[in-house]
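Welcome, and please get your viewer ready for a short walk through this chain. Keep the selection tool at hand, as each stop begins with something to pick.

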Amino acid sequence: VSILACCLVSSACDDPISDIGLQVRGPDQLTILWNPCKQGRLATSVELEESGGRIVWQIKSERGSPLREFIVGEEPAGFVTVVPLSEELRGVRLSPSVSGVGPQFFDLTEIEPGRVLVIGDGNMSAEEFWARDTCG
């Protein structure tokens, strides 16, 4: 059974422009890379949600965090786990969204080893991802 999921990074800033990159760094280790337009923007929530609306993983930071990389299923410093990851990500269609921007779907098999997938722009190096102008 495949899970349709939505990956959401919300922030404590009104500017909705940002880039989400997806990278697999180990066996089944999905990492969400977040490159907001405003570099001082703080992440307050990161989650995976099924198409039916059930959240399958969620972390939150009350104070907001300057972190830009989130390993799905882990709890980085400054965050608390609200919903622990309980689903395998293999065969899962994911839809990343940042502050309401999105969704577009991808599968883990679309991510090339050692590369970052930006939906709509394909795979690129991490250096290319971080150098992107996300302000339009």
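**First stop: Ser65**

Select Ser65, which is buried at a relative accessible area of 5%; buried means under 20% relative accessible area, exposed over 50% and partly exposed in between, with a 1.4 Å probe and protein chains only. Before going on, note that this is a predicted model, in which local features need pLDDT of at least 70, side-chain atom pairs count only at pLDDT 80 or more, and totals for chains, interfaces and linings use all residues. Residues are numbered from 1 along each chain as its sequence is written, and side-chain values use heavy atoms, with hydrogens and water left out.

Colour strand β5, residues 55–65, and you will find Ser65 within it. Helices (H or I, at least four residues) and strands (E, at least two) are DSSP runs, numbered from the N terminus.

Now show what surrounds Ser65. Leaving out residues up to four places away in sequence, Ser65 touches Arg41, Leu42, Ala43 and Phe79, where contact means heavy atoms within 4.5 Å.

**Second stop: the aromatic rings**

How many aromatic pairs are there? The count is two, taking rings of Phe, Tyr and Trp (its six-membered ring) as paired if their centres lie within 6.5 Å, with planes under 30 degrees apart called stacked, over 60 edge-to-face and the rest tilted. Phe70 is buried at 1% relative accessible area, and Phe79 is buried at 4%.

Move on to Phe129 and Trp130, also an edge-to-face pair, with 4.8 Å between centres and 75° between planes. Here Phe129 is buried at 0%, whereas Trp130 is partly exposed at 31%.

Select Ser125, in the loop between β11 (122–124) and α1 (126–131). Is Ser125 buried or exposed? Ser125 is buried, with a relative accessible area of 17%. Setting aside neighbours within four places in sequence, show Arg115 and Val116, which are in contact with Ser125.

**Last stop: the whole chain**

Zoom out and colour by secondary structure to see one helix and 11 strands. Of the chain's 136 residues, 45% count as buried.
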